[in-house]
Amino acid sequence: MAERVTKKEIGALLDRRDYQAIIDRLITVSDQRMAVRGPGDAFRVFSKYRAKPVEQFLVATFDGAHKLIAVHVITTGIADKTLAHPREVFLAAVTDRASAIITAHNHPSGQLEPSAADFSLHKRIEDAGKLMGIDLLDEFVITNKGAISLVSGDTYRY
């Protein structure tokens, strides 16, 4: 992943009038080395995915100092569900040589409440992470209005 945005890159996107791509690229670059000091910082990592029209399962990978390495879209589903498995989550983490991860998925319906399936998957990912020595710092359900932590139950607003 490039560490900075070049004038040439922005110029090409401007020529195509692809303003959303410019915003996404700037967010990606600015978030790249963001340090996560708590859940309030963590849920912001996923803010650009909050209004997607279909569910996506995401994993953010972090180094030993809890600085963001990358955000990966693990799966994309339909309007009300997506499938995810710990092996795909940890493939991204191992590839990035991450020490820790935070996972999230969006609810296009706007419902912040996690489902029983959300908690079940969270437990499987947490257990797999313990075996691999990769900490699951948190997991969020995100919507257009905010996010809820599956770890603490706290709600955060955008």
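Figure 1. Of the 158 residues in the protein chain, 42% are buried (under 20% relative accessible area; exposed is over 50% and partly exposed lies in between, with a 1.4 Å probe and protein chains only). The model is predicted, and local features need pLDDT of at least 70, side-chain atom pairs count only at pLDDT 80 or more, and totals for chains, interfaces and linings use all residues. Residues are numbered from 1 along each chain as its sequence is written, and side-chain values use heavy atoms, with hydrogens and water left out. The chain contains 5 helices and 6 strands (DSSP runs numbered from the N terminus: H or I of at least four residues for helices, E of at least two for strands). Their order along the sequence is α-α-α-β-β-α-β-α-β-β-β. The radius of gyration, taken over C-alpha atoms, is 16 Å, close to the 15 Å from the globule rule for 158 residues, so the chain is as compact as a globular protein of that length (the rule is 2.2 Å times the number of residues to the power 0.38). The C-alpha trace spans about 45 × 35 × 25 Å along its principal axes.

**Figure 2. The largest nonpolar core.** This core has 17 residues, and those with the most contacts inside it are Phe46, Phe62, Ile102, Phe140 and Ile142 (a core is a set of buried Ala, Val, Leu, Ile, Met, Phe, Trp, Tyr and Cys residues joined through side-chain atoms within 4.5 Å). At least two of its residues come from each of α3 (39-44), β1 (56-62), β3 (100-106) and β4. Ile102 touches, among others, Val36, Ala42, Phe46, Leu58, Phe62, Leu136 and Phe140, where residues up to four places away in sequence are not counted (contact means heavy atoms within 4.5 Å). Another core, of 15 residues, lies apart from the largest one and includes Phe57, Ile101, Ile125 and Ala128.

**Figure 3. The aromatic pair Phe140 and Tyr156.** The count is 1 aromatic pair (ring centres of Phe, Tyr or Trp, the last by its six-membered ring, within 6.5 Å; planes under 30 degrees apart are stacked, over 60 edge-to-face and the rest tilted). The ring centres of Phe140 and Tyr156 are 6.2 Å apart and the planes stand at 70 degrees, so the pair is edge-to-face. Phe140 belongs to strand β4 (residues 135-142) and Tyr156 to strand β6 (residues 155-157), so the pair ties together parts 16 residues apart in sequence. Both residues count as buried, Phe140 at 0% relative accessibility and Tyr156 at 15%.

**Figure 4. The salt bridge between Lys123 and Asp127.** The structure holds 3 salt bridges (a side-chain nitrogen of Lys or Arg within 4 Å of a carboxyl oxygen of Asp or Glu). In this one, the N to O distance is 2.9 Å. Lys123 and Asp127 are 4 residues apart in helix α5 (residues 116-132), so about one helical turn separates them. Lys123 is partly exposed at 43% relative accessibility, as is Asp127 with 33%.

**Figure 5. The salt bridges Arg16 with Asp18 and Arg87 with Glu88.** The side chains of Arg16 and Asp18 meet at 3.8 Å, N to O. Arg16 is exposed at 58% relative accessibility, whereas Asp18 is partly exposed at 27%. For Arg87 and Glu88, the closest N and O atoms are 3.4 Å apart. Arg87 is exposed at 55% relative accessibility, and Glu88 is partly exposed at 30%.
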